[in-house]
Amino acid sequence: SLFLQKKIYKYKKVLNNPGRWEVVLKEIRTLVDMALSSPLQDESIHQAPLEIVSKLLSENNNLTTQDHESIIVAIAPLLENNHPPPDLCEFFCKHCRERPRSMVVIEVFTPVVQRILKHNMDFGKCPRLRLFTQEYILALNELNAGMEVVKKFIHSMHGPTGQCPHPRVLPNIVAVCLAAIYSCYEEFINSRDNSPSLKEIRNGCQQQCDRKPNLPLRLLHTNPDLVSQEATVTESRTKPPIVTSNEIHVEMERTNTANQKMTANAGNDSEPNLIDCLMVSPTCSTMSIELSAQADRILGCYVEILKMLSDYDDWRPALASLLQPIPFPKEALAHEKFTKELKYVIQRFAEDLRQEVHSCLLSVRAGKDGWFQLYSPGGVACDDDGELFASMVHILMGSCYKTKKFLLSLAENKLGPCMLLALRGNQTMVEILCLMLEYNIIENNDTQLQIISTLESTDVGKRMYEQLCDRQRELKELVCCWACSIAITYCSLSSPEMEDADLARLLSSGSFGNLENLSLAFTNVTSACAEHLIKLPSLKQLNLWSTQFGDAGLRLLSEHLTMLQVLNLCETPVTDAGLLALSSMKSLCSLNMNSTKLSADTYEDLKAKLPNLKEVDVRYTEAW
């Protein structure tokens, strides 16, 4: 160790006073060989030569390109198992920018970048590694084949199999893409000093004449000085503001619904939703943001990489989760080219049947907007008359989101687009309107008449509305029969031959409005029968022992059967995903989860959220 330290000190002294570069290059190679041949197992053994070379390069700016490449080739063996230090990363970045077609980029930098993407854990601590990776990818894009080379590089990082063996690759690539896209709009972001805050744009409290003249306004920037002025603004200023600049022209579209929301939020100091601030009128559906030629190339390259990532099935769930919070600057979302190119990624999410993928189209938490709102009609990114919106609604309604809450959200915010698409014959929107009528989502009679008129304007709508009327008519007949007959309070249908269709026929053939106790134990019913069980409003005890009733059915029951007190799920295929929904059934006092896939965490959560729960059976589960 002492001998090594002595040698390193010697090389530092020699290289700090370089003479002829032929001698310096020879000394660098000798230094690298010494570090590689050392028997000592210490990371500093390899880092010391890299730091010496890094200092040498930073202090000598008059080197030729040939000298640069010779030094890079000389230290290449050390880079196979070590990250380059920060100053060396800057040197590599400069080389990528100035000589993107150099063979050094392909032969030396490629394994270095691959190692960074596979092993780096935090670009926040090593930002220059991210910058080097970013410049390397841009250098690949400058080659003759362009994006084809980048595509091959992304494929090499994923691997030839259907599952990428390196879990850090995707998050690191996405981090590089997000940083590169942010850099494209950095000029706009840094010059937003006099732009209105989000709350000002929402409330229309700052008119153009009230602001400082001759200063460029930027879109959607929260300025502490401006926020302090908001307390003095009266509610009388309700005229829609127009925020203008050399690059951006935005006019706020204020509908009656928006005015109601503003009235409800009066006095609220919280910032509005991002999508609310980006809503534009049809005449201002495009926003002019002129990027420089270099920024435009960078944007095109990295958005294309996001498209490539979305094409890998195993990466799509994690990619959707990373993009769910909309981690892009507001200027990017106001840029027509960006949202148009990113639409491919959102479309891939909407086409994926896996719930963990398409559920990321919705907001990451309550009170925030997501991609679903951004690409829906009225959102700044919508440019296809609602086709992508219809696809998103279709996939969400086909999974666990066929619930009253989702329909209420559509009725409140997107009823107009739903009716317009239904008029064009979109079957998903026709089904949505029928469900709104069936579940009594719409309370206003005039709105109900408009929906009915919309349904009767197309063949598919007319047919589905007639089917809805038949169901409602049969329901009324059942109610009349119930009024004239003895109420049935207990029913046992425990037959191995009983299936969903049999249960549906049976429940539609008699009066079960007062049914309180139903046993379907040891039958073949599945989650599909939940659509019929929720029509039993008085049900208090339900036995599903040894059936195929699953998570989707539990979610539907938890939303509608609020009076349920006793539930037997013994030996059913339910998991934590469905059992967590039971936390909304506050009346439950007896719950049997014997031999299910219940976890200990979910069990503790249920106990905390169900105050009336007294009898619980968790035998043969993880929580036992």
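Good morning. Please keep in mind that the model before you is predicted. The two partners differ in their surroundings. Arg 619, at 40% relative accessibility, counts as partly exposed, whereas Asp 617, at 15%, counts as buried because the limit for that class is under 20%.

How many salt bridges does the structure hold? The total is 20. Some of them share partners, and in this way Asp 313, Arg 316, Asp 352 and Arg 354 are joined into one network.

Let us turn to helix α31, which spans residues 600–609. Within this helix, I would like to discuss two salt bridges. One of them links Glu 604 to Lys 607, with 3.5 Å between the closest N and O atoms. Why can these two residues be described as about one helical turn apart? They are three residues apart in α31, and that spacing corresponds to about one turn of the helix. Glu 604 has a relative accessibility of 46%, so it counts as partly exposed. Lys 607, at 39%, is likewise classed as partly exposed.

The other salt bridge in this part of the talk joins Asp 605 and Lys 609, where the closest N and O atoms are 3.5 Å apart. Is Asp 605 buried or partly exposed? With a relative accessibility of 22%, Asp 605 counts as partly exposed, since only values under 20% are classed as buried. Lys 609, at 38%, is also partly exposed.

Which residues does Lys 307 touch? Leaving aside residues up to four places away in sequence, Lys 307 touches Glu 341, Tyr 344 and Val 345.

I now come to the packing of helices, with two pairs as examples. The pair I shall take up now is α21, residues 387–397, and α22, residues 404–413. Their axes are 11 Å apart, and the helices pack at an angle of about 160°. Because angles over 145 degrees fall into that class, α21 and α22 are roughly antiparallel to each other. Their crossing is left-handed. On the side of α21, the residues in contact are Phe 389, Val 393, Leu 396 and Met 397; on the side of α22, they are Phe 406, Leu 407 and Leu 410. By class, this contact has seven nonpolar residues, with no polar and no charged ones.

The remaining pair is helix α6, residues 103–119, and helix α8, residues 147–158. Their axes come within 11 Å and cross at roughly 50°, which makes α6 oblique to α8. In which hand does α6 pass α8? The crossing is right-handed. From α6, the residues Val 113, Gln 114, Leu 117 and Lys 118 meet Phe 153, Ser 156 and Met 157 of α8. This contact is made up of four nonpolar residues, two polar residues and one charged residue.

To close, I place the two contacts side by side. Between α21 and α22 there are no polar and no charged residues, while the contact of α6 with α8 has two polar and one charged. Thank you for your attention.

Methods. Residues are numbered from 1 along each chain as its sequence is written. This is a predicted model: local features need pLDDT of at least 70, side-chain atom pairs count only at pLDDT 80 or more; totals for chains, interfaces and linings use all residues. Side-chain values use heavy atoms; hydrogens and water are left out. Axes are lines fitted to C-alpha atoms, for helices over the stretch in contact, and angles run from 0 to 180 degrees between N-to-C directions. Helices (H or I, at least four residues) and strands (E, at least two) are DSSP runs, numbered from the N terminus. Angles under 35 degrees count as roughly parallel, over 145 as roughly antiparallel, 65 to 115 as roughly perpendicular and the rest as oblique. A crossing is left-handed if the near helix is turned anticlockwise from the far one by less than a right angle, and right-handed if clockwise. Contact means heavy atoms within 4.5 Å. Ala, Val, Leu, Ile, Met, Phe, Trp, Tyr, Cys and Pro count as nonpolar, Asp, Glu, Lys and Arg as charged, and the others, Gly among them, as polar. A salt bridge is a side-chain nitrogen of Lys or Arg within 4 Å of a carboxyl oxygen of Asp or Glu. Buried means under 20% relative accessible area, exposed over 50%, partly exposed in between (1.4 Å probe, protein chains only).
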